[in-house]
Amino acid sequence: MTPSARLAAAIDLLAEMDAAPRRPADATANSFFRDRRFIGGGDRRAISAIVWDVMRHWRRSGWLIERAGGTATPRLRVAAREILSGVSFGDVSQAFVEGKFAPGALTRDERHVLESLTSGKHDGTDMPRAVRLEVPDWLLPHLEATFGDTLDNELAAMSGEATLDLRVNTLRCTREEARDALARDGLRAEFTTLSPWGLRLPGRQPVTACGAFKDGLVEIQDEGSQLVVAMLGARPEMRILDYCAGAGGKTLAIAMMMQNRGHIVACDVSVPRLEGAVKRLRRAGIHNAERHLLVPGDKWAKRRAASFDRVLVDAPCTGTGTWRRNPDARVRLEETDLQELTVKQAEILERAAALVRPGGRLVYATCSILDAENRDQITAFLDRHPDFASVLPDAPEVPETLAGSPMLSLTPGRNGTDGFFAAVLERKEG
Ligand SMILES: C[S@@+](CC[C@H](N)C(=O)[O-])C[C@H]1O[C@@H](n2cnc3c(N)ncnc32)[C@H](O)[C@@H]1O
């Protein structure tokens, strides 16, 4: 593809994302490329890089375009990205040419906006703080309350590209063996420093095509997510419930910690998500896990009240900890989303708590960085439940510096992982 054709495709993809604002950007991108199989791998990566970069600077570029009197259309956003990353106005004009696989010539109004972007510094000092930090206005006070003086650094870390972390399946091999197997496929992974099971690759890599992945030696899982599972303190012979298991990302790691012994139940309310776990469990060689679809008034759950040694609630959340991977979520999150999610999280906690045996543990986790979904949720739960107490994790796999508190809080800025929260609660005996 020519550079012009790549720009045109990026504009088309952004237009599709605009047309489906509630759909995750990567889902829109997947279907966009599925419908255009003629676009090869290198072009796909180049087009995605343009689009993801536009999304990372969404509020800033929108603000600059509007200040110059324009409307932030996909065309202007893509052209502005070129200018703001140092491409000359002349070169941008030349890339915007007419033709079947080209974006079409710049209009007079577009040229006017872009020319005004070529002059002046755009370091953000004149922008409103929420625009400069690339967050919705309503969310800024929540973030300030959580991070205080470190907010700018934390949000800058969330604007970077995420690493690609893998968890080695120690049921199949050691970390060294998995690293060597990846190297045979040309992928140079390093050991993660916080998780004892982690391997780290820089940026996007075709891991799922590797033998090590196909043979179940590794799974894609952020290092932070691995540590959340470690906080559960799962051991062989336990009975464990993964209450919001989705497609089993954490179930797989729990089964590994249990050395494929004992029993895990992976629950969820979503059929397709639970279905997604089947292939992954098989690939990892796990046979101590069953799946259960939760339904309203679930009799299965009632019969199993107070019976599990460990219950993990990996609650649905705003996903604010994963902004490095999903920059679209960063600007699209709405206040009502947070309100609805916090109500749902409290309800799920209630149901899941009833399943913990006396002396057993409940671990509540999110991939959110917001207190409203994390600490505040735990404080409110403990107020309602004097039968539970906050306790230190029994988690030798978690580095001492992180395991000395009943609550684990990870961020890209502090820990180089996605943002994660986990709280360990114990049901009192008797
Ligand atoms: C953060 S995701 C779980 C991710 C998964 N644990 C993993 O590690 O891959 C949250 C999950 O909660 C599920 N969920 C939503 N409402 C629920 C409910 N009322 N009870 C149980 N699960 C629920 C969603 O379907 C979703 O799969």
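Domain bounds in this predicted model come from an automatic or database domain assignment. Residues are numbered from 1 along each chain as its sequence is written. Because the model is predicted, local features need pLDDT of at least 70 and side-chain atom pairs count only at pLDDT 80 or more, while totals for chains, interfaces and linings use all residues.

**View 1. Division of the chain into domains.** The assignment gives domain 1 (3–127), domain 2 (164–220) and domain 3 (223–427). Taken over C-alpha atoms, the centres of domain 1 and domain 2 are separated by 34 Å.

**View 2. Packing of helix H3 against helix H5.** Helices (H or I, at least four residues) and strands (E, at least two) are DSSP runs, numbered from the N terminus. Helix H3 (residues 41–56) packs with helix H5 (residues 74–84) at an angle of about 90°, and their axes are 10 Å apart. Axes are lines fitted to C-alpha atoms, for helices over the stretch in contact, and angles run from 0 to 180 degrees between N-to-C directions. H3 and H5 are therefore roughly perpendicular to each other (65 to 115 degrees). Ile50, Asp53 and Val54 of H3 meet Arg77, Val78 and Arg81 of H5, contact being C-beta atoms, placed from the backbone, within 7 Å. By class, this contact has three nonpolar, no polar and three charged residues; Ala, Val, Leu, Ile, Met, Phe, Trp, Tyr, Cys and Pro count as nonpolar, Asp, Glu, Lys and Arg as charged, and the others, Gly among them, as polar.

View 3. Four strands form an open sheet in the order E2-E3-E1-E4, with antiparallel pairing; two strands pair if DSSP finds at least two bridges between them. Strand E2 (190–191) and strand E4 (218–220) are the edge strands, each pairing on one side only. Strand E1 (residues 164–168) and strand E3 (residues 198–201) run antiparallel and are joined by four bridges. Leu164 has Leu201 in E3 as its bridge partner. Helix H11 (residues 175–184) packs on the sheet and touches E1, E2, E3 and E4, its direction making about 25° with that of E3.

**View 4. Two loop residues with positive phi.** Most residues other than glycine have a negative phi. Glu134, in the loop between helix H8 (129–132) and helix H9 (140–147), has a positive phi of about 60°. Glu134 counts as buried, with 21 C-beta neighbours inside 10 Å (the cut-off is 20 or more). Gln259 lies in the loop between helix H14 (249–257) and strand E6 (263–268), and its phi is positive, near 55°. With 14 other C-beta atoms within 10 Å, Gln259 is partly exposed, a class between buried and exposed (12 or fewer).

Conventions: Angles under 35 degrees count as roughly parallel, over 145 as roughly antiparallel, 65 to 115 as roughly perpendicular and the rest as oblique. Two residues are in contact if their C-beta atoms, placed from the backbone, lie within 7 Å.
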